[in-house]
Amino acid sequence: MYIAQEESFGPVMVISKFKNGDVDGVLRRANTTEYGLASGIFTKDISKALYISEKLEAGTVFINTYNKTDVAAPFGGFKQSGFGKDLGKLFFPSLISHLTVQINEKPT
């Protein structure tokens with residue numbers, strides 16, 4: 001799907017079907033794109049969401065929320081979505097990859 005492979009800036013959300021329990025297949029599809037700015041996971045299973053967030057190649061992973069950030073959290077993407085991080089104590093050394101995970105424990 002073309003839109004899922006591009007880095008779109010705007011109000012765009014791609015929702016994809018997957019077979020029940022095929023978490024590794026979902027991760028393969030998510031990580032085959034050349035971009036990795038941010039991603040979102042919506043689930044009742046927080047332990048599964050944390051497992052997925054560790055495996056996703058994205059600079060920020062939102063769990064049960066989207067685009068709610070802490071201004072002190074480092075911001076930046078992986079792959080073609082940028083190198084290094086802006087903000088926070090991790091601005092320098094930008095050669096290290098850091099992941100920011102935002103969790104809303106009460107899904108809306």
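Let me begin with a term: a nonpolar core is a set of buried residues of the kinds Ala, Val, Leu, Ile, Met, Phe, Trp, Tyr and Cys, joined through side-chain atoms within 4.5 Å. Please keep in mind that what we are looking at is a predicted model.

With that term in hand, which residues make up the largest nonpolar core here? There are eight of them, namely Val23, Leu27, Ile41, Ala49, Ile52, Leu56, Val61 and Ile63, and if we ask where they come from, α2 (23–31), α3 (46–55) and β3 each supply at least two residues of this core. As a general remark, nonpolar side chains in soluble globular proteins tend to be buried together.

Let us take one member, Leu27, and look at its surroundings: leaving aside residues up to four places away in sequence, Leu27 touches Tyr51, Ile52, Lys55 and Leu56.

Now to the aromatic rings, where the count comes to one aromatic pair. This pair is formed by Phe62 and Tyr66, whose rings are 4.7 Å apart centre to centre with 50 degrees between the planes, and it is classed as tilted. Are the two partners buried or exposed? Phe62 counts as buried, because its relative accessibility is 3% and the limit for buried is under 20%, whereas Tyr66, at 42%, is partly exposed.

Tyr66 sits in the loop between β3 (60–63) and β4 (78–79), and together with Met13, Ile15 and Phe42 it makes a nonpolar surface patch of about 510 Å².

Definitions and conventions: Residues are numbered from 1 along each chain as its sequence is written. This is a predicted model: local features need pLDDT of at least 70, side-chain atom pairs count only at pLDDT 80 or more; totals for chains, interfaces and linings use all residues. Side-chain values use heavy atoms; hydrogens and water are left out. Patches are made of residues with over 30% relative accessible area and no salt bridge: like charges are joined within 9 Å, nonpolar side chains (Val, Leu, Ile, Met, Phe, Trp, Tyr) within 5 Å. Accessible areas come from the Shrake-Rupley method with a 1.4 Å probe; for residues, only the protein chains shown count as cover. A salt bridge is a side-chain nitrogen of Lys or Arg within 4 Å of a carboxyl oxygen of Asp or Glu. Helices (H or I, at least four residues) and strands (E, at least two) are DSSP runs, numbered from the N terminus. Rings of Phe, Tyr and Trp (its six-membered ring) pair if their centres lie within 6.5 Å; planes under 30 degrees apart count as stacked, over 60 as edge-to-face and the rest as tilted. Buried means under 20% relative accessible area, exposed over 50%, partly exposed in between (1.4 Å probe, protein chains only). Contact means heavy atoms within 4.5 Å.
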